[in-house]
Amino acid sequence: MWVQALDIILEKMKASGFDFSQVLALSGAGQQHGSVYWKSGASQVLASLSPDLLLHEQLQACFSISDCPVWMDSSTTAQCRQLEATVGGAQALSCLTGSRAYERFTGNQIAKLYQQNPEAYSHTERISLVSSFAASLFLGSHSPIDYSDGSGMNLLRIQDKIWSQACLGACAPHLEEKLGLPVPSCSVVGAISSYFVQRYGFPPGCKVVAFTGDNPASLAGMRLEEGDIAVSLGTSDTLFLWLQEPTPTLEGHIFCNPVDPQHYMALLCFKNGSLMREKIRDELASSSWSEFSKALQSTEMGNSGNLGFYFDVMEITPEIIGRHRFSAENHEVSAFPWDVEIRALIEGQFMAKKIHAEGLGYRVMPKTKILATGGASHNRDILQVLADVFGTPVYVTDTANSACVGSAYRAFHGLAAGTDVPFSEVVKLAPNPRLAAAPTPGASQVYEALLQRYAMLEQRILTQTRGPPE
């Protein structure tokens, strides 16, 4: 299906008169944590494609399994526990690979395939991520996995950027040769295949820059820099962080940075995002965002010490469910006035983000900025609370499809990377984000003590629901 989708896109571009001869370099992004299994002999087929036929017609028989495991597959819990036990526990694995064992991560998916279908595994000559699979189509040979997407596998040692022999051994035999050596994310992995030169008119010298995951590509598309944070305020809320010195924990993920091999990016996901905001809006603000905003405008920063936790579905970061409200004296109460409730929701969501980002090593720097995207980023009053809680200005950008734009930026960077040009230099002429909210004077003093209280109360709720930490 993926191969045929590429055929359709390229044929439409060709029919529309797109001038492929102008393309100097290309890169791309694939959904993270998916994997593709190339059957023995696939490399010969890739290297000898006929320009008279579409790709999917020629590659039909090149895969040892026809359905690829993707990020939605959570059937590998047994393999996760096995991997963590091999390296000394969940925290040890996180320190090594940037994340504790996750069911969707590729190493655990490979382990399951090997255990349940050893014949298919033995007939596999190469295992690609979705990103390196797509790059392989353009290269006409197996593309290496890049550091950034590779660090979402529970297999790559994020400090020295080589495969962990302990993790490989825990998953399947001969795995290193099936994965190939990982490469820096800005690497030019080769020139485009003659198939694309002959069928579509790409120039023979067109460079293929290593493809990466959709999340790292989004970091590139939003042009984050050191100390920056991107907040996607969607159905779920997602944070992307640029980190210099990460501290991997049991929550969130640390990936190698896709545009700076010396640094890292972190990703945190909060399941109770806009769905929770919309629910409270419907319950208390007559389903009106303008009424919701009035509540934020009429209540003071810090909400007179009232704090709230709102998790109608089991939260990921941390694992809490339910609504919990606390007065300024830390007494749990059953309800707040409607306007206090709305501010408690928004302040609580952003305090949780700051606390858990700092847990991964994030620190606000003098030049730090927040880039806000997603539906709720259109609400100026919500962004004002975000700026106040973090104590840093919030910007918005018109960039839609940031992973796609990031792939184009990365292709451009790949062309220049041989001269060690920093990514920020390559994209300096791109349109700048717009300032949406600056911190209110005195905000950092208001929230300093509240953040400590919020973290303490979060631990109290966790202890009540699952007992003291082991």
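Predicted model: local features only at pLDDT ≥ 70, side-chain atom pairs only at ≥ 80, totals over all residues.
Figure 1. Setting aside its neighbours within four places in sequence, K354 has contacts with V364, V389, F390 and L451.

Figure 2. Strand β17 comprises residues 370-373, and both of its faces are covered. On one side stand I370 and A372, on the other L371 and T373, and all of these residues are buried. This arrangement may be read with a general rule: in a regular strand, side chains alternate between the two faces of the sheet. Strand β10 (residues 229-233) pairs with β17 in the parallel sense over four bridges. Within this pairing, I229 is placed opposite I370. Strand β18 (residues 394-396) also runs parallel to β17, and three bridges join them.

Figure 3. The domain assignment divides the chain into domain 1 (19-210) and domain 2 (215-469). Their C-alpha centres are 31 Å apart, and the contact takes 32 residues from domain 1 and 24 residues from domain 2. The largest nonpolar core contains 87 residues. Those with the most contacts inside this core are L155, L175, L179, L241, F292 and L383. Helix α16 (residues 338-359) supplies the largest share of the core, ten residues. Each of domain 1 and domain 2 contributes at least three residues to this core. Another core lies apart from it and has 27 residues, including L10, A135, L137 and F202.

Figure 4. Which residues does L155 contact, leaving aside its neighbours within four places in sequence? The contacts of L155 are T97, G107, I162, W163, S164, C167, L168, C171, L175 and L179. Residue N154 lies in the loop between α9 (147-150) and β5 (156-157). The phi angle of N154 is near 65 degrees, a positive value in a residue other than glycine. The relative accessibility of N154 is 1%, and N154 therefore counts as buried.

**Figure 5. H174, another residue with a positive phi.** Residue H174 is not a glycine, yet has a positive phi of about 55 degrees. For comparison, most residues other than glycine have a negative phi. H174 is located in the loop between α10 (165-171) and α11 (175-179). Is H174 buried or exposed? At 56% relative accessibility, H174 counts as exposed, because the term applies over 50%.

Figure 6. Three strands form an open sheet in the order β14-β15-β16, with antiparallel pairing. Strands β14 (307-311) and β16 (332-333) stand at the edges, and each has a single partner strand, so one side of each lacks a neighbour in the sheet. Five bridges connect β14 with strand β15 (residues 322-326). Among the paired residues, Y310 has R323 of β15 as its bridge partner. The loop between β14 and β15 contains P318. The peptide bond from T317 to P318 is cis, with omega near -5 degrees. In general, most peptide bonds are trans.

**Figure 7. The aromatic pair W289 and F292.** The structure holds 18 aromatic pairs. Why are W289 and F292 separated by about one helical turn? The two residues are three residues apart in helix α15 (residues 289-298). W289 is partly exposed, with a relative accessible area of 33%, whereas F292 is buried at 0% relative accessibility. F292 is also one of the residues with the most contacts inside the largest nonpolar core.

**Figure 8. An aromatic cluster and two charges placed over rings.** Ring pairs link F18, F20, F138, Y195, F196, Y200, F202 and F211 into a cluster. F202 also belongs to the core of 27 residues. Elsewhere, R100 lies over the face of Y102, at 4.2 Å from the ring centre. K353 lies over the face of F270, at 4.6 Å from the ring centre.

Notes: Residues numbered from 1 in each chain as written. Heavy atoms only, no water. Phe/Tyr/Trp six-rings, centres within 6.5 Å; stacked < 30°, edge-to-face > 60°. Buried < 20%, exposed > 50% of the residue type's maximum accessible area, 1.4 Å probe, protein only. Lys NZ or Arg CZ within 6 Å of the ring centre and 35° of its normal. Core = buried A, V, L, I, M, F, W, Y, C linked by side-chain atoms within 4.5 Å. Domains from an automatic or database assignment. Contact = heavy atoms within 4.5 Å. Pairing = 2+ DSSP bridges.
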